[in-house]
Amino acid sequence: MLKGKKILIGVTGSIAAYKIALLVRLLIKNGAEVKVVMTKAAAEFITPLTLATLSRNPVSIDLASDSGNWENHVMLGRWADLMVIAPLSCNTLAKMATGFCDNLLMAVYLSATTPVYVAPAMDEDMWKHESVKKNLQIIESYGNKIIPVNAGELASGLVGEGRMAEPEQILETMKKVLIPVTELTGKKILVTAGPTYEAIDPVRFIGNHSSGKMGIEIAKVLKTKGAEVNLVLGPVNGNFDLDGIKVERVESAEEMFNACSRQFPEMDIAVMAAAVADYTPVEKAQNKIKKTEDNWSLSFKKTPDILKNLGNIKKDNQLLVGFALETNNEKENAKNKLQSKNADLIVLNSLNDTGSGFGFDTNKVTIFDKQGNEWGYEMKSKKAVAEDIVQAIIRSLHV
Ligand code: CTP
């Protein structure tokens with residue numbers, strides 16, 4: 001996603017200018033802010049109105065506007081995180097090579113302090129002309145980046161090299177430049193969070209006090225490290241900022257099991273932070289159970305163990321992280337869970353530490369890996385604990 005990224009497009013006179021409508025649309029769809037500067041020649045090929053409508057910003061062409069105001073080309077160049085000149089005509093290329101400034105687009109280009117990419121568009125004979133080759137080398141030597149041309153049908157009717165890169169290719173280039181590569185870029189990660197509710201009848205359930213905060217913080221930290229995060233979230237209340245995270249809401253352990261089993265084969269990593277109910281009523285009453293008996297008992301059956309199931313189907317290139325919530329024999333129980341559920345890491349949450357566990361904003365954890373290492377941490381905010389857990393995951397990826 002390009003949310004918050006500012007992109008300035010310079011359009012020059014070439015038949016490929018019509019494709020810029022699609023490029024602007026793709027950028028807006030990806031969350032970018034877009035402004036367009038055109039040359040007069042470009043406006044012969046595509047109307048400023050089209051690009052203003054799609055970019056949701058006025059389009060600038062002249063150094064002075066119709067109302068006699070000066071267009072601040074310096075600030076336009078500085079506003080952008082990236083400038084792309086597409087299509088780049090032979091004429092504008094020559095101006096860029098020599099610094100010839102006779103229009104707004106050139107003034108913006110010459111004042112731009114941001115990286116400049118160009119997507120040339122020419123007929124093959126022009127493209128292969130020595131002067132064009134030389135000018136491209138010159139503008140590259142100034143630090144501009146060239147998005148390669150495609151081969152195919154050209155405006156002249158000939159077939160050959162010189163077609164402007166397709167809008168999708170230009171978009172991909174921009175994403176590579178603007179989205180920083182971080183430790184978890186390209187990793188798909190499944191996270192579970194929150195409690196599960198096991199229905200007794202249509203109005204009652206058995207649940208637990210999990211707030212979902214720990215799992216949600218982990219999902220958010222993973223996202224900031226560049227991962228694609230899918231969160232399977234049990235019933236929690238509160239306004240969590242889950243921007244950019246794909247969320248599937250579930251109620252019961254069975255629903256969480258189904259969601260995780262379906263998603264896990266596509267994942268590189270799974271972090272099971274949910275407090276899943278271990279038992280569920282054998283039967284869910286169709287109607288509200290009436291208060292007829294003095295004593296009443298319910299029969300329970302075990303829920304499917306999600307972590308264990310994922311441990312059974314886990315492939316060598318997948319990393320599985322579990323949690324252990326313990327009150328006694330903590331370390332021993334945690335290590336046993338690491339083994340029995342075939343996890344790669346287990347995060348021990350001890351309920352014996354005040355401020356740790358359900359409902360609190362703080363937590364104190366110990367992390368064990370299957371190589372026998374153990375890392376103990378101080379009591380911290382759940383956000384800081386999430387950072388520690390994510391660092392442990394990143395470390396494990398390199399073992
Ligand atoms: N877990 C799960 N499915 C369940 C129960 C637990 O995936 N039906 C997962 C939890 O998300 C956690 C780990 O197993 O990552 C350990 O959970 P915990 O409650 O500590 O242990 P249990 O396996 O339920 O065992 P016990 O309650 O006996 O300690």
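Predicted model: local features only at pLDDT ≥ 70, side-chain atom pairs only at ≥ 80, totals over all residues.
Residues are numbered from 1 along each chain as its sequence is written, and side-chain values use heavy atoms, with hydrogens and water left out.

Back at the ligand, D278 also places a polar side-chain atom 2.8 Å from an oxygen atom of the ligand, whereas L307 comes to 2.8 Å from a ligand oxygen with a backbone N or O atom. How much of the ligand does the protein bury? Taken alone the ligand exposes 570 Å², and the protein buries 77% of that, with accessible areas coming from the Shrake-Rupley method with a 1.4 Å probe, and with only the protein chains shown counting as cover for residues.

The ligand is surrounded by 16 residues, and the closest are M272, L307, F323, K337 and K341; a residue is near a molecule or strand here if one of its heavy atoms lies within 4 Å of it. By class, this shell has 10 nonpolar, 2 polar and 4 charged residues, where Ala, Val, Leu, Ile, Met, Phe, Trp, Tyr, Cys and Pro count as nonpolar, Asp, Glu, Lys and Arg as charged, and the others, Gly among them, as polar. The largest share of the shell, 4 residues, comes from strand β17; strands (E, at least two residues) and helices (H or I, at least four) are DSSP runs numbered from the N terminus.

That strand leads us to the sheet, an open one of 8 strands in the order β13-β12-β9-β14-β17-β18-β20-β21 with mixed pairing, where two strands pair if DSSP finds at least two bridges between them. At its edges are β13 (246–249) and β21 (374–376), each of which pairs on one side only. Strand β14, residues 269–272, runs parallel to β17 and is joined to it by 4 bridges, and M272, one of the closest residues to the ligand, has G322 in β17 as its bridge partner. Helix α13, residues 330–340, packs on this sheet, touching β17, β18, β20 and β21, and its direction makes about 150° with that of β18; contact means heavy atoms within 4.5 Å, and axes are lines fitted to C-alpha atoms, for helices over the stretch in contact, with angles from 0 to 180 degrees between N-to-C directions.

What is the strand order of the open sheet with 6 strands? The order is β3-β2-β1-β4-β5-β6, with parallel pairing. Strands β4 and β5 pair over 4 bridges, and I85 has V118 in β5 as its bridge partner. Helix α9, residues 167–178, lies across β1, β4 and β5, running at about 160° to β4.

Finally, two backbone details. A cis peptide bond joins A86 and P87, with omega about -10°, and P87 sits in strand β4. R56 has a positive phi of about 60° although it is not a glycine, and R56 lies in the loop between α3 and β3.

Note on methods: Polar contact = N/O pair within 3.5 Å; in protein donor to acceptor, adjacent residues only side chain to side chain.
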